[in-house]
Amino acid sequence: MVRLHSVFTALAVIIITTSIAHAQYWNPANGGLALPVTSLAINGAGDMFGAVPDVGLYRSTDLGLSWTPLPNPNGYPLDHVWCINGLGHIFAVAGWQEFRSTNNGDSWTPIRIQPLMSFDPQINGWTFTKAGRMFVSTNGSTGLYTTVDD
């Protein structure tokens, strides 16, 4: 019985994934934002954050129908939004500097992830577990790091 349930679950995942990947119709969700959004993150409330290289970060609270520019920390445009953790903190990058927002992107605090590692890699991505543990992918020799404290 458990095995049959696993088969049906796997089949449902394949059908859903296939139907999304092969969608025939895609609608623009840029709400007049005629700029190349190169990274996107969505928080638990459904707010979307899109990063435009050399311009900055934008927020949509209506599923992309409209977009509001967010402040750039220290005058540097946020080039990439990496992820949003379970507390709703947004992590983004401006050049080589990492930033965190604890208020839905209204203000930003610089953070440094790289000095915590034994070398100074280029960070390619971040993610968090539900418990809050951070994982970082890099261009380093092992490529993946995690925090030692949760």
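How many salt bridges does a search of the whole structure find? The search finds 1 salt bridge, and the points below take it up after a word on confidence in this predicted model.

1. Confidence. The model is predicted, and the protein averages a pLDDT of 74, with 70% of the residues scoring at least 70. Confidence in the protein is lowest in helix α1 (residues 2–21), where the mean is 48, and highest in β4, where it reaches 92. Over residues 1–15 the pLDDT stays under 50, and for these residues the model has 0 contacts beyond four places in sequence.

2. The salt bridge. The pair consists of Asp106 and Arg59, whose closest N and O atoms are 3.3 Å apart. Asp106 lies in the loop between β7 (97–101) and β8 (109–111) whereas Arg59 lies in strand β3, so the pair ties together parts that are 47 residues apart in sequence. The two partners can also be described by their accessibility: Asp106 is partly exposed, with a relative accessible area of 44%, while Arg59 is buried, with a relative accessible area of 14%.

3. The open sheet. Four strands form an open sheet in the order β1-β2-β3-β4, with antiparallel pairing. Its edge strands are β1 (39–42) and β4 (68–69), each of which pairs on one side only. Strand β3 (residues 56–60) is joined to β4 by 2 bridges, and these two strands run antiparallel. Arg59, the residue of the salt bridge with Asp106, stands opposite Thr68 in β4.

4. The nonpolar cores. The largest nonpolar core has 13 residues, and those with the most contacts inside it are Phe49, Leu57, Leu78, Val81, Ile90 and Trp108. Strands β2 (48–52), β5 (80–84) and β6 (90–94) each supply at least two residues of this core, and the largest share, 3 residues, comes from β6. Setting aside residues up to four places away in sequence, Leu57 touches Phe49, Gly50, Ala51, Thr68, Pro69, Leu70, Asn72, Leu78, Val81 and Trp108. A second, separate core of 8 residues includes Cys83, Phe128, Met134 and Val136.

5. Ser60 in β3. Ser60 has its place in strand β3 and, at 0% relative accessibility, counts as buried. Its side chain reaches the backbone nitrogen of Gly64 at 2.7 Å, and a polar atom of the Ser60 side chain also lies 2.9 Å from the backbone oxygen of Ser66. Not counting residues up to four places away in sequence, Ser60 touches Gly46, Asp47, Met48, Leu65, Ser66 and Trp67. Ser60 and Gly31, which are 29 residues apart in sequence, are 8.9 Å apart in space from C-alpha to C-alpha.

6. Ser101 in β7. Ser101 lies in strand β7 and counts as buried at 0% relative accessibility. The side chains of Ser101 and Asn103 are joined by a polar contact of 3.0 Å, and the backbone nitrogen of Gly105 lies 2.8 Å from a polar atom of the Ser101 side chain. Leaving out residues up to four places away in sequence, Ser101 touches Gly88, His89, Ile90, Asp106, Ser107 and Trp108. Among these, Asp106 is the residue that forms the salt bridge with Arg59.

7. Positive phi angles. Most residues other than glycine have a negative phi, and two residues deserve a look on that account. Asp54, which is not a glycine, has a positive phi of about 65 degrees; Asp54 is placed in the loop between β2 and β3 and, at 68% relative accessibility, counts as exposed. Asn104 also has a positive phi, near 65 degrees; Asn104 is found in the loop between β7 and β8 and is partly exposed, with a relative accessible area of 23%.

Methods. Residues are numbered from 1 along each chain as its sequence is written. This is a predicted model: local features need pLDDT of at least 70, side-chain atom pairs count only at pLDDT 80 or more; totals for chains, interfaces and linings use all residues. Side-chain values use heavy atoms; hydrogens and water are left out. A nonpolar core is a set of buried Ala, Val, Leu, Ile, Met, Phe, Trp, Tyr and Cys residues joined through side-chain atoms within 4.5 Å. Buried means under 20% relative accessible area, exposed over 50%, partly exposed in between (1.4 Å probe, protein chains only). Contact means heavy atoms within 4.5 Å. Two strands pair if DSSP finds at least two bridges between them. A salt bridge is a side-chain nitrogen of Lys or Arg within 4 Å of a carboxyl oxygen of Asp or Glu. A polar contact is a pair of N or O atoms within 3.5 Å; within protein, one must be able to donate a hydrogen and the other to accept it, and residues adjacent in sequence count only if both atoms are side-chain atoms. pLDDT is the predictor's confidence in each residue, from 0 to 100.
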